[in-house]
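Here is a short report on one protein model. Keep the sequence and the 3D view side by side as you read.

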Amino acid sequence: MKRLVSSLCAVLCLLFFLPLLPTGSVQAAGAVTDTIGVYIGYFGWDEDQYVEKATYTWQELDDQYGGALSTYENVYSYYSGSRTYLVAARGFSIRDLLEYAGVDFGSIANIDFFTKDQTIGAYRTFTKESLFDAPRYYFPNLAADEANGPYAYNGGDITDGAVRVEPMLALEDYTQWDSVGSEFEKLYDSSMFSPISRFHLFFGQLSPTEANTSSAAKYVYKLLITFSGTPKLSTSETNISLKVGSSFRMTVNVTAEDSLLDQYVKDNLKWSSNNTSVVDVDNYGNLTVKGEGEAVVTASFQGSSVSATVKVNGNEVSTTGGGSATADSGSGQTSGAGENDGGTADANAAETAAATADQTNEVQFSENNSGVYILSSELMEQDEYAEWVNSILNHDYIENDGDGALVNARKEGMDGDAEQLIVLSSPKSFARLVFTVLIVFFALGFGYEILSYRRKMKFK
């Protein structure tokens, strides 16, 4: 019975700790990779600034397993500077992968390949022109030795029989040193293929004497796509007239090579005012008018910027229209929140509701340091606060799972949004739950040991 209880505790511990382990395959450096990620960004960005465009498992891409990309077999030749290196591989073209992920192929400047056997930085970087635009070949008549260097195996020209090849990420391959393509083709068959180097980068040669063997990288797990150019910022609000005491939200349009980059740039704009005694601006483009005069408000992202002149004259007498925050992509899609005529009215409604909430102490709201409103469920359920709840929806959507923050998806119209205004209770820590359960089971085991000991003492 004692062994049974101990075994049960061990099994239950294993079952509860398994969900805490990282999902997916646990792979050491130099092990086969199961996923490939595509990330996009611009020159001058750090690696961690690149935005994830797509990540796929190899099964999702391999058509032999129902995947989305067509695979094919190719033979590639390489020259190391003294030896030949021949490859037979089955995989998909890098061009097909990028187009499937929705990358604008024509805007690509560079591609960085990251591998699991190099932990810092990219293993290899190609320009688009070098990897895709310049013709690359497999040379079946290429032979080489240390004494003679590269030479034509069957006489004639070393380029005889050259075949243009497309750069590939191989799912499985077979390689051999010190061989010749024409002989290698007779030797291998697909039964010799192995997936142990997946994803394996192959790209052929620009010329027979190009020594680039080491760049045929294995264990590729991430591609960093660098676009040419830079994001463009614009605004139609170049001249803004306001009154002292009013508020306004400045609109900035972002045009980048991808809609994901549009949003990333918008979320990381740096706002500034050259005269904060007249107009101050927060991290979201909200203008606070402090006094009469003139100020220039600027939104910038790295090398791009856009500015608006704000003129303040007189005091606010009545509620006037305000601006909105949007990020328009090149396709004309708009993200953000707010209506052009509701900024000040919404702010007044929010202030009125806040005052009422403080007086009655029946409803509560607060705004955290990310600009996200946290609302009590009591407030949301009361009809008299419906207008104010809707005004809160004019604030930016900020993803903030697990800490009780407002989730404002803004996927529908205003009425639909009001129904989506949800206060998330902080979820119980899973680790704490597991720890509690384990304590219970260990307590049961300890109690069982005490009872067993007393029983033994009783019968002595």
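## A pair of strands

In which sense do strand β8 and strand β9 pair, and over how many bridges? The sense is antiparallel, and β8 (residues 142-145) and β9 (residues 149-152) share 4 bridges. Strands pair if DSSP finds at least two bridges between them. Strands (E, at least two residues) and helices (H or I, at least four) are DSSP runs, numbered from the N terminus.

The two strands form a hairpin, with 3 residues between them. Asp 145 stands opposite Gly 149 in β9.

## How the model was read

This is a predicted model: local features need pLDDT of at least 70, side-chain atom pairs count only at pLDDT 80 or more, and totals for chains, interfaces and linings use all residues. Residues are numbered from 1 along each chain as its sequence is written, and side-chain values use heavy atoms, with hydrogens and water left out.

## Arg 90

Look in strand β4 (residues 84-93) for Arg 90. Arg 90 counts as buried because its relative accessibility is 6%. Buried means under 20% relative accessible area, exposed over 50%, and partly exposed in between (1.4 Å probe, protein chains only).

Arg 90 is in contact with residues beyond four places in sequence, including Asp 62, Tyr 72, Glu 172 and Phe 193. Contact means heavy atoms within 4.5 Å. Pro 195 is 105 residues from Arg 90 in sequence, yet their C-alpha atoms are 9.6 Å apart.

## Ser 179

Ser 179 sits in the loop between β11 (168-177) and α5 (181-187). Its relative accessibility is 12%, so Ser 179 counts as buried. Beyond four places in sequence, Ser 179 is in contact with Thr 84, Leu 86, Leu 142 and Phe 184.
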